[in-house]
Amino acid sequence: LMVYNAVNPATQNSYVMTVETKAGATTLESAQIRVAIVEGVTVSANVSAVLTFQVIGTEAGTTTEEGPTDITTTATTINFGTVNINTQYVAAQKLAVDTNADDGFVVKVWQNQNLTNAMGNDIDKFADGVTSTNPQAWAAPSANSTNENTYGHFGLRTDDDTDVGKDYGTNLWIGFYGDGTDYQHTVFYHDGPAKGLNDNKNAGWTFVEYSLEISALQEAGDYSNVLTYICTPTY
């Protein structure tokens, strides 16, 4: 059985077709059939954008890539308490992102000011108030009495080291570049969808650590600042 010149009509409708069976030029059978040409079926669906970002406190003794932490934190507080001189303190928070963003997400953090007390004294940025674009090994403040930047300092690092464009290794730190939204540090990055705490480390979650150390020259007082995280997905 051979079918010649069978072409679907371009217009939706019902059509009569003649079907013949031939042996050479001789018609053996002839019949009419009706066919209906209908529009193709378009299948569609909508998937809503999903983004959940969590900042989670950790207990003292939590093991990060830097080592065990000294301070218990919450989602909204990092309280170093009364600190001793010449002692490095480490605190951590866990960041978790659940998203279906095709190109993943980035989490950044910035500070509104140095840790500052009511008299305007501050604990400067690691190290000794001289910021660097590259992480470096932690060092105690140099405690030069003629340079208040060296009385104490505060720094940060992330366990999501090479993904954020800097190599924090297992114990390298950096100071905030400056204060305010113009000085945001990338602390977490992933290039595809993630499922938060149910995912692998540095894909759906990671640790960010903060460290503080003062010398005997650091002025007395209660010091504070505010850290702000920003999570941005790319769909």
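**Comments on the predicted model**

1. Strand S7, covering residues 105–111, pairs with S13 in the antiparallel sense through five bridges. Within this pairing, Lys-108 is placed opposite Thr-186 of S13. The model under discussion is a predicted one.

2. The pairing belongs to an open sheet of three strands, ordered S13-S7-S16 and antiparallel. Its edge strands are S13 (185–190) and S16 (227–233), each of which pairs on one side only. From one strand to the next, the twist averages 15°.

3. For the protein chain as a whole, the secondary structure comprises 16 strands and zero helices. Its radius of gyration is 33 Å, whereas the globule rule gives 18 Å for 235 residues; the chain is therefore more spread out than a compact globule. Along the principal axes, the C-alpha atoms fill a box of roughly 115 × 30 × 30 Å.

4. Of the 235 residues in the protein chain, 37% count as buried. Among contacts with a separation of 6 or more, 68% are accounted for by residues 24 or more positions apart.

5. The largest nonpolar core contains 28 residues, and those with the most contacts inside it are Phe-80, Leu-95, Val-107, Phe-154, Tyr-210 and Tyr-229. At least two residues of this core come from each of S6 (89–99), S7, S11, S13, S15 (205–214) and S16. A second, separate core has five residues, including Phe-126, Ala-127, Trp-138 and Trp-173.

6. Which residues does Leu-95 contact, leaving aside its neighbours within four places in sequence? They are Phe-53, Gln-54, Val-55, Val-107, Val-187, Phe-188, Gly-204, Trp-205, Thr-206, Val-208 and Tyr-229. Val-107 and Tyr-229 are also listed with Leu-95 among the residues with the most contacts inside the largest core.

7. Is Thr-150 buried or exposed? Its relative accessible area is 4%, so Thr-150 is buried, the cut-off being under 20%. A polar atom of the Thr-150 side chain lies 2.7 Å from the backbone oxygen of Asn-147. Leaving aside neighbours within four places in sequence, Thr-150 is in contact with Asp-128, Pro-141, Ser-142, Ala-143, Asn-144 and Ser-215.

Technical notes
Residues are numbered from 1 along each chain as its sequence is written. This is a predicted model: local features need pLDDT of at least 70, side-chain atom pairs count only at pLDDT 80 or more; totals for chains, interfaces and linings use all residues. Side-chain values use heavy atoms; hydrogens and water are left out. Buried means under 20% relative accessible area, exposed over 50%, partly exposed in between (1.4 Å probe, protein chains only). A polar contact is a pair of N or O atoms within 3.5 Å; within protein, one must be able to donate a hydrogen and the other to accept it, and residues adjacent in sequence count only if both atoms are side-chain atoms. Contact means heavy atoms within 4.5 Å. Two strands pair if DSSP finds at least two bridges between them. Helices (H or I, at least four residues) and strands (E, at least two) are DSSP runs, numbered from the N terminus. Axes are lines fitted to C-alpha atoms, for helices over the stretch in contact, and angles run from 0 to 180 degrees between N-to-C directions. A nonpolar core is a set of buried Ala, Val, Leu, Ile, Met, Phe, Trp, Tyr and Cys residues joined through side-chain atoms within 4.5 Å. The radius of gyration is taken over C-alpha atoms; the globule rule is 2.2 Å times the number of residues to the power 0.38.
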